[in-house]
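Reader: I have a structure open and would like to go through it. Can we take it a piece at a time?

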Amino acid sequence: MTILPPESAPVSAPVPHQHRQVAESFGADAERYDRARPAYPDDLVGRIVAASPGPDVLDVGCGTGIEARQFRAAGCAVLGVEPDERMAEFARRTGVEVEVSTFEAWDPAGRSFDAVVSGQSWHWIDPVAGAAKAAMVLRPGGLLALFWHVYAPPAAVAEAFSAAYRRVLPDSPFVAGSQPPSGITDAYEVIMSNAADGLREAGGFDDPRRWRFEWERSYTRDEWLDLLPTQGGLTRVPAGERAEILADVGAAIDAMGGGFTMSYTTVALSTARMSTP
């Protein structure tokens, strides 16, 4: 994400799913999360719907229901699974049906689905156990689609964040050094490769395919400062220290004229459940 590894997993973490406490920190301000986090490209949603053999969708790690609402608007019947009760409760208030559980421990109670989707969350799931559970609940020919946003703010904004993070939180276990965009892309390459390896080890799926969707979004100073606290590196930071970091980032954006345009790439891994696993 911004200047940290995907969703701010500690550098020492061999894989993010082993640090569940970070994954379950995003509900600290569910309303802000839902307001500030970007939705997914319509082309991605449309491609998933077109590739799915039917309308029944299971949304794994659905959070506040951002992608679930997009799939509902596209005509799907969506059930969410979310480990954070605070996020799940927000999603329910928007009309999304959600069951609270980690995906690995979730009981499907004999239910099956045409598609299993996961936006910005599959890296918090054990890649082999998650793939096995997806294969169990998907109907033959059903689609599994995992997707993430990849992006990096302008260098001045990233550097201001990095410097403020080091100054305010010098002992943080999170990466505080600015990564160039290529570094962020590399981090997501590892995430996607781990997911693909998990699918192959679990078995029951066709060879995964990769999709990419390029798009842009403009941010004002206030919009970017609204988004930053929803990142894993700040969700567990005390309010006073967080305000100091945001003030420095805000000053950098002011110096740029009060806003900037972000280039996004939404990457996806898709595969179908074999008819005969």
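This is a predicted model: local features need pLDDT of at least 70, side-chain atom pairs count only at pLDDT 80 or more; totals for chains, interfaces and linings use all residues.

Reader: Fine. How many salt bridges are there?

Author: The count comes to 17 salt bridges.

Reader: Start with Asp-226. Which side chain does it meet in a salt bridge?

Author: Arg-35, with N to O at 2.7 Å. The pair links distant parts of the chain, 191 residues apart. Asp-226 is in helix 9 (residues 221-227), and Arg-35 is in helix 2 (residues 30-36).

Reader: Is Asp-226 buried or exposed?

Author: Asp-226 is buried, because its relative accessible area is 15% and the cut-off for buried is under 20%. Arg-35 has 47% relative accessibility, so Arg-35 counts as partly exposed.

Reader: OK, now Arg-92. What does it form a salt bridge with?

Author: Glu-89, where the closest N and O atoms are 3.4 Å apart. Both residues lie in helix 5 (residues 85-93), and they sit three residues apart, about one turn of the helix. Arg-92 also meets the side chain of Glu-85 in a salt bridge, at 2.9 Å from N to O.

Reader: And how accessible are Glu-85, Glu-89 and Arg-92?

Author: Glu-85 is partly exposed at 40%, Glu-89 is partly exposed at 33%, and Arg-92 is partly exposed at 31%.

Reader: Changing topic. How many residues are in the largest nonpolar core?

Author: There are 28 residues in the largest nonpolar core. Those that touch the most other members are Leu-58, Phe-103, Trp-106, Val-116, Trp-122, Leu-144 and Trp-148.

Reader: Which element gives the most to this core?

Author: Helix 8, with six residues. Helix 8 spans 181-202, and it is listed among the elements that give two or more residues, including strand 1 (56-60), strand 5 (138-151) and strand 7.

Reader: What does Trp-106 touch?

Author: Leaving out residues up to four places away in sequence, Trp-106 touches Leu-58, Leu-79, Val-81, Glu-99, Ser-101, Arg-111, Phe-113, Lys-133 and Val-137.

Reader: What about a second core?

Author: A second, separate core has 27 residues, including Ala-30, Leu-44, Trp-211 and Phe-213.

Reader: Next, Leu-269. Where does it lie?

Author: Leu-269 lies in strand 7 (residues 259-272). Its relative accessibility is 2%, so it counts as buried.

Reader: Which residues does Leu-269 touch?

Author: Not counting residues up to four places away in sequence, the contacts of Leu-269 include Leu-144, Met-192, Leu-199 and Pro-208. Between Leu-269 and Ser-193 there are 9.5 Å in space, C-alpha to C-alpha, while in sequence they are 76 residues apart.

Reader: Last one. In what sense do strand 2 and strand 3 pair?

Author: They pair in the parallel sense, over four bridges. As an example, Glu-82 has Val-100 in strand 3 as its bridge partner.

Reader: And what do strand 2, helix 5 and strand 3 make?

Author: A right-handed β-α-β unit. Helix 5 is also where Arg-92 and Glu-89 lie.

Conventions:
Residues are numbered from 1 along each chain as its sequence is written. Side-chain values use heavy atoms; hydrogens and water are left out. A salt bridge is a side-chain nitrogen of Lys or Arg within 4 Å of a carboxyl oxygen of Asp or Glu. Buried means under 20% relative accessible area, exposed over 50%, partly exposed in between (1.4 Å probe, protein chains only). Contact means heavy atoms within 4.5 Å. A nonpolar core is a set of buried Ala, Val, Leu, Ile, Met, Phe, Trp, Tyr and Cys residues joined through side-chain atoms within 4.5 Å. Two strands pair if DSSP finds at least two bridges between them. A crossover is right-handed if, with the strands pointing away from the viewer, the path from the first strand over the helix to the second runs clockwise.
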